[in-house]
Amino acid sequence: PLGRQDVVYPSAGPGQGDFMVMIDFAHTPNSFKEILSLLRKKVKGRIIHVFGAAGQRDALKRPEMGKISSEYSDIVIVTAEDPRSENIEKITDEVISGIKNSRDRIKNSTLLRIPDRQKAITEAMKMARKDDLVLLTGKSHEKSINYGKGEEPWDEYEVVRKALGLKNNNE
């Protein structure tokens, strides 16, 4: 189904490009563990995981999401996922609190905080190399994002197309 383990790049499928981009709706600790443990067995290169945690929702799961992502992902990029009226930095801090050695990971650029989701996705694409997988979780098929001023139009698929265009133009 749309937004579940949806390989959006390369469009010809695995093995047809330098790296892969997958969109998935995973947004809970259990769904992170399921998809990341499966992908870790299959991905030859690095897993670059871009995700956030929704604001005004179950804050207790945030550290666990960070922990699971960091256990299976080579690079973790924490970003917005409907922060609503909750402070994005606070949400990010709570996610990062579950990551062991977070200071070291920040220093060696394997843990990044990029509040703007579009910028986070673009950065992930720029980092991607041959055999890597860029995994975008949380927003998937949803058509809006909420940064605290109501619902704004959002299309994760369009953001990926834009980011890939920027990457290809810079190479």
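This is a predicted model: local features need pLDDT of at least 70, side-chain atom pairs count only at pLDDT 80 or more; totals for chains, interfaces and linings use all residues.
Let's start inside. In general, nonpolar side chains in soluble globular proteins tend to be buried together. The largest nonpolar core here has 24 residues, and those with the most contacts inside it are Ile 48, Ile 77, Ile 121, Met 125, Val 134, Leu 136 and Val 160. Strands 2, 3, 4 and 6 each supply at least two residues of this core, and so do helix 5 (117-127) and helix 6 (156-170). Apart from it lies another core, this one of 22 residues, including Ile 35, Ile 47, Phe 51 and Ile 91.

Now look at helix 2, which spans residues 62-72. Its buried residues are Arg 62, Met 65, Gly 66, Ile 68, Ser 69, Ser 70 and Tyr 72. What covers them includes helix 1, strand 3, strand 4, helix 3 and helix 4.

Helix 2 and helix 3 pack with their axes 6 Å apart, at an angle of about 55°, so the two helices are oblique to each other. On the helix 2 side, Arg 62, Pro 63 and Gly 66 meet Lys 90, Ile 91, Glu 94 and Val 95 of helix 3.

Finally, find Thr 79, in the loop between strand 4 and helix 3. Thr 79 counts as buried because its relative accessible area is 1%, against a cut-off of under 20%. Among the residues Thr 79 touches are Val 50, Phe 51, Ile 88, Ile 114 and Ala 120. Pro 115 is another contact, and the Thr 79 side chain reaches the backbone oxygen of Pro 115 at 3.3 Å.

Terms used: Residues are numbered from 1 along each chain as its sequence is written. Side-chain values use heavy atoms; hydrogens and water are left out. Buried means under 20% relative accessible area, exposed over 50%, partly exposed in between (1.4 Å probe, protein chains only). Helices (H or I, at least four residues) and strands (E, at least two) are DSSP runs, numbered from the N terminus. Contact means heavy atoms within 4.5 Å. A polar contact is a pair of N or O atoms within 3.5 Å; within protein, one must be able to donate a hydrogen and the other to accept it, and residues adjacent in sequence count only if both atoms are side-chain atoms. A nonpolar core is a set of buried Ala, Val, Leu, Ile, Met, Phe, Trp, Tyr and Cys residues joined through side-chain atoms within 4.5 Å. Axes are lines fitted to C-alpha atoms, for helices over the stretch in contact, and angles run from 0 to 180 degrees between N-to-C directions. Angles under 35 degrees count as roughly parallel, over 145 as roughly antiparallel, 65 to 115 as roughly perpendicular and the rest as oblique. Lists of a residue's contacts leave out its neighbours within four places in sequence.
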